[in-house]
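Have the structure open and follow along.

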Amino acid sequence: MSFLLLRSPTPKSPVTRRLLSTAKLPAALEERISTALSSMKAAGTFKTERIITTPQRSSISVQSSTAPVLNFCANNYLGLADHPTVVSRATSYLQQWGNGLSSVRFICGTQTIHKDLEAQISQFYGTQGDTILYASCFDANAGIFESLLTAEDAVISDSLNHASIIDGVRLCKAQRFRYANGDPHDLERQLEKAKDCRVKLVATDGVFSMDGNIAPLRDIVDVVERHNAVLFVDDAHATGFLGATGRGSGEYAGVMERVHLVNSTLGKALGGAAGGYTTGAPLLVSMLRNTSRPYLFSNTLPPSVVGAASAALEIVSNEETRAPLLNSLWTNAKVFRQRMEDAGFVLAGKDHAIIPVMLGDAKLASRMAEMMLNRGIYVVGFSYPVVPKDKARIRVQLSAAHSLDQVNYAVDSFIEVGRELKVI
C-alpha cells in the first residue's frame, strides 16, 4: 500500500495577517450595544469578573485583593472542588484515558468510563433507569423538551425555573403553560387548561437557586399523578447534599420513586468541574440519545471530568465520608442563618445552604459586596435580569469546607457593613 504525501502549497506572496477585532461593526449595532451597556452601568447591573489566582476552596486569592479572602458564593457545597481524592482521580483518568475524545458520543466518543459513570449515577438514584451524560446541565435542559414533546403535548413550567429550562422549553413545539412559583393549586389550574393535550410534562427546579427555596415536591407529585402527567425536576442545587443521603430534593420530600426524570449537574456539589446528566426511564433516555441535539452535536465529557465526578459520587455514596460533610454543611448554614436573622437582616429561603440577603436596590447590593471584599469576604450582588427588578440581593452559599470560625467572621463582617450602610 502506498500513500500520497500532500504538501501545503507555498504562498506566492507574503500573507498579510488580519485580526478579527479590526472588522468594523455596523454603526446601528455598535450604538445599540453601547447604549445598553451604559444603561447597565448606570443601573448598577453591569457585571464584572473577579480573577481568582488559586484553586476553588473556602479561602482563595483574587487579583483585586492582597490578602486571601473567604469565599461565600461558590456552588462548592461539599468542598469537593479541590478534595484530594477527587483531584487524584481526575489526574489518573487524564493520564490513562487522555485529554479528550475529539468526537461526539455516537461517532467515536464513548469510552468505558463514560458508560461506567452513567451506570454509577443510575445506581446512585437506586432505580432501574438509565442515565445520559451531557457537557453541562444547561445542555441537558436544552435537549430534553424538544426531544420528548411534540405540538400535541404540553409543558407546564414553574414561573421561577432556571434560565436553561426556559430556553429548553422555547426550543420545543409543545403548548406552554406556567404556574406560580411552588404553588400546587395553580399547577392544578394549569393542568386543567392543558387537559386536552396528549402528554403533559410538569417542569420544576428542585431548589430555586436565587431564593434558596425548595420545591414542595410532595404536593406537586400528588397533582401530577391526578392528571396522569410526567414530572421533571432540575436538581442542580440539591444533588449530593440535600436529603438524608444527598440524593436531592426527591429524597428530601420522600418522593424519589414518584419523579419521572431528573436533570442535574456534576459541576456543583459533585466536584465542581463540569458536566450534566438526565436520569430516568430507559425508554426516555434512549430517545434522548437519538434525538437530543446538545448530546448529538457536543463533544463527549473529558476523561478527567468523568474521573472527578466518579470519585465525588463515591464520597457521597459512602456513609463514612458523606456524614461529616453533611453535618458540617448544615451546621454552618444553621449558624449563619440564625445569627443573621438575630442581627436584623432580611433573608430568603429555608432549609438550604443558599441564604440570600435581601437588599432590594442593585447599587446597594454591589456596594455591600465591595465593602465585604475589603473585609476579606468574597460575595456577589445579584440584580436584574438575574433576579426580578427591585429584588437585588447578596446570595450567600455555605460549604462543608467552611469552618465555624470562618462562618462567624462572615456574619460579623455583614453586621459591620450592614450598620454602616444602614441596612440594619
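Start with helix H4 (residues 112-124) and helix H12 (residues 303-317), whose axes come within 10 Å and cross at roughly 25°. Helices here are DSSP runs of H or I with at least four residues, strands are runs of E with at least two, and both are numbered from the N terminus. An axis is a line fitted to C-alpha atoms, for helices over the stretch in contact, and angles run from 0 to 180 degrees between N-to-C directions. H4 and H12 are therefore roughly parallel to each other (angles under 35 degrees get that label). The crossing of H4 over H12 is left-handed, a term for the near helix being turned anticlockwise from the far one by less than a right angle, with right-handed for clockwise.

On the H4 side, the contact (heavy atoms within 4.5 Å) includes Ile 113, Leu 117, Ile 121 and Phe 124; among the H12 partners are Val 306, Ala 309 and Leu 313. By class, this contact has nine nonpolar, four polar and one charged residue. Ala, Val, Leu, Ile, Met, Phe, Trp, Tyr, Cys and Pro count as nonpolar, Asp, Glu, Lys and Arg as charged, and the others, Gly among them, as polar.

A word on the model: it is predicted, so local features need pLDDT of at least 70 and side-chain atom pairs pLDDT 80 or more, while totals for chains, interfaces and linings use all residues. Residues are numbered from 1 along each chain as its sequence is written, and side-chain values use heavy atoms, leaving out hydrogens and water.

Next up, helix H5 (residues 137-148) packs on helix H6 (residues 163-171) at about 30°, with the axes 7 Å apart. That makes H5 roughly parallel to H6, and the crossing is right-handed. Phe 138, Ala 142 and Phe 145 are among the H5 residues involved, and H6 brings Ile 165, Val 169 and Leu 171, among others.

The largest pocket has a volume of about 820 Å³. A pocket is an open set of points on a 1 Å grid over the protein atoms alone, where a 1.4 Å probe fits, with protein on both sides within 12 Å along at least five of seven lines; lining residues have an atom within 4 Å of a point. Volume is the space filled by probe spheres set on the points, which are joined across faces, edges and corners. Of its 26 lining residues, Lys 47, Thr 48, Val 380, Gly 381 and Phe 382 are the closest to the centre. Helix H14 gives the most to this lining, with four residues.

Terms used
Angles under 35 degrees count as roughly parallel, over 145 as roughly antiparallel, 65 to 115 as roughly perpendicular and the rest as oblique.
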